[in-house]
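Reader: I have a sequence and a model to go through. Can we take the packing and the rings step by step?

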Amino acid sequence: MTLPRQSKSFEYEQKEKKITGGLIVAAGKASVRNELDPLLKIGSITIVKRIVLTFQQVGISPIVVITGHRAEEIEHDLADYGVIFLRNLQYENSQMFDSAKIGLEFLQNKCDQVIFNPVNISLFTPDTIQRMMECGEKLISPSYHGKAGHPLLVSSELIPRILTYEGNMGMRGAIENIGVERKWIAIEDEGILHDTDAIGRLDQLLKKHNHQILHPFVRISIEKESLFFNSRTKLLLILIQDTHSVRSACRHIALSYSKAWNMLNELEQELGYAVVERKHGGSKGGKTYLTKEGIDFLEKYQEFEHNVRQYAKNEFDRLF
């Protein structure tokens, strides 16, 4: 899917800092050799949710999760966490890199850099991600006592070259093929090394990680007599603006088509003006766009949401 560079709905963030997107590959089928079950719990939450929380802690957005095996269960687990789902329908006959390419193609025009991570590495800390995001290099990996780990940071300008790689060495082969030196950051974070095979060591790292991801979680909505706009409605509008299709937007956030239109109709009724417009015609059917008023509302809501979350974080840090 090729989408236009940076929709207006993301622009207010770009004025302040680089936009960093997140990509989590959770499509593979678990095996005895390499346990990749995204729904495995470490502590009281699944490993895929733990990675999402770590990403959100440092302001990574948008976050894309590539699903395949047990896709519906993963989508249900993350339904309230504001992530975008893309399915690798060929996950049984493809490699992790094939799933990564699906996510990178989707994200390349929506952010300045991407943090890529396989779902089986889940206990790296927010501080590690923050250091990588602020490094300013195009290709970055962390290391712990000389050992390489995950996640990987890739500048969006490198993504087109990564997508052309068709060798058999996966992401490693792709980044070696693009001719850009990978920078290594020495990190005192053992969580970058251990996958879910090392379950005993993960248990030892869990306490430290839970301390690191301690953060305020603010749910923001707009209501009159009842709620009519929240983070899920926001994501629906963003995806409609990007894909020009309500049906496609629904697939990316595990939302039924009828439920989506109920949400849109209720939103327009409460606001008193049209938020989306439908244009019919063509052999492939019509398209749906946000109206000017819809775009203005979305941008104002995102700025409001950003300011509220930043205030909550600042106050939390000051008091706790």
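Author: Start with a definition: buried means under 20% relative accessible area, exposed means over 50%, and partly exposed lies in between. Keep in mind that this model is predicted.

Reader: Is asparagine 230 buried, partly exposed or exposed?

Author: Asparagine 230 lies in the loop between β12 and α9. Its relative accessible area is 23%.

Reader: What kind of aromatic pair do phenylalanine 229 and tyrosine 301 form?

Author: Phenylalanine 229 is in strand β12 and tyrosine 301 is in helix α12, 72 residues apart. Both are buried. Their ring centres are 4.6 Å apart, with 75° between the planes. Planes over 60 degrees apart count as edge-to-face, so the pair is edge-to-face.

Reader: Which residues do ring pairs link into a cluster with Phe229?

Author: Tyr301 is one of them.

Reader: Which residue lies over the face of tyrosine 257?

Author: Lysine 279 lies over another ring, that of tyrosine 289, at 5.1 Å from the ring centre. For tyrosine 257, the distance to the ring centre is 3.9 Å. The residue there is arginine 247.

Reader: Is α9 roughly parallel or roughly perpendicular to α11?

Author: The axes of α9 and α11 come within 11 Å and cross at roughly 100°. Angles of 65 to 115 degrees count as roughly perpendicular. So α9 and α11 are roughly perpendicular.

Reader: How many charged residues are in the contact of α9 with α11?

Author: α9 brings Arg232, Thr233, Leu236, Leu237 and Ile240, and α11 brings Ala260, Met263, Leu264 and Leu267. Seven are nonpolar and one is polar. The charged count is one.

Reader: Is α4 oblique or roughly perpendicular to α7?

Author: The axes of α4 and α7 come within 8 Å and cross at roughly 60°. Roughly perpendicular needs 65 to 115 degrees. So α4 is, relative to α7, oblique.

Conventions:
Residues numbered from 1 in each chain as written. Predicted model: local features only at pLDDT ≥ 70, side-chain atom pairs only at ≥ 80, totals over all residues. Heavy atoms only, no water. Axes fitted to C-alpha atoms, helices over the stretch in contact; angles between N-to-C directions. Helix = DSSP H or I, 4+ residues; strand = E, 2+ residues; numbered from the N terminus. Parallel < 35°, antiparallel > 145°, perpendicular 65-115°, else oblique. Phe/Tyr/Trp six-rings, centres within 6.5 Å; stacked < 30°, edge-to-face > 60°. Buried < 20%, exposed > 50% of the residue type's maximum accessible area, 1.4 Å probe, protein only. Lys NZ or Arg CZ within 6 Å of the ring centre and 35° of its normal. Contact = heavy atoms within 4.5 Å. Nonpolar A, V, L, I, M, F, W, Y, C, P; charged D, E, K, R; others polar.
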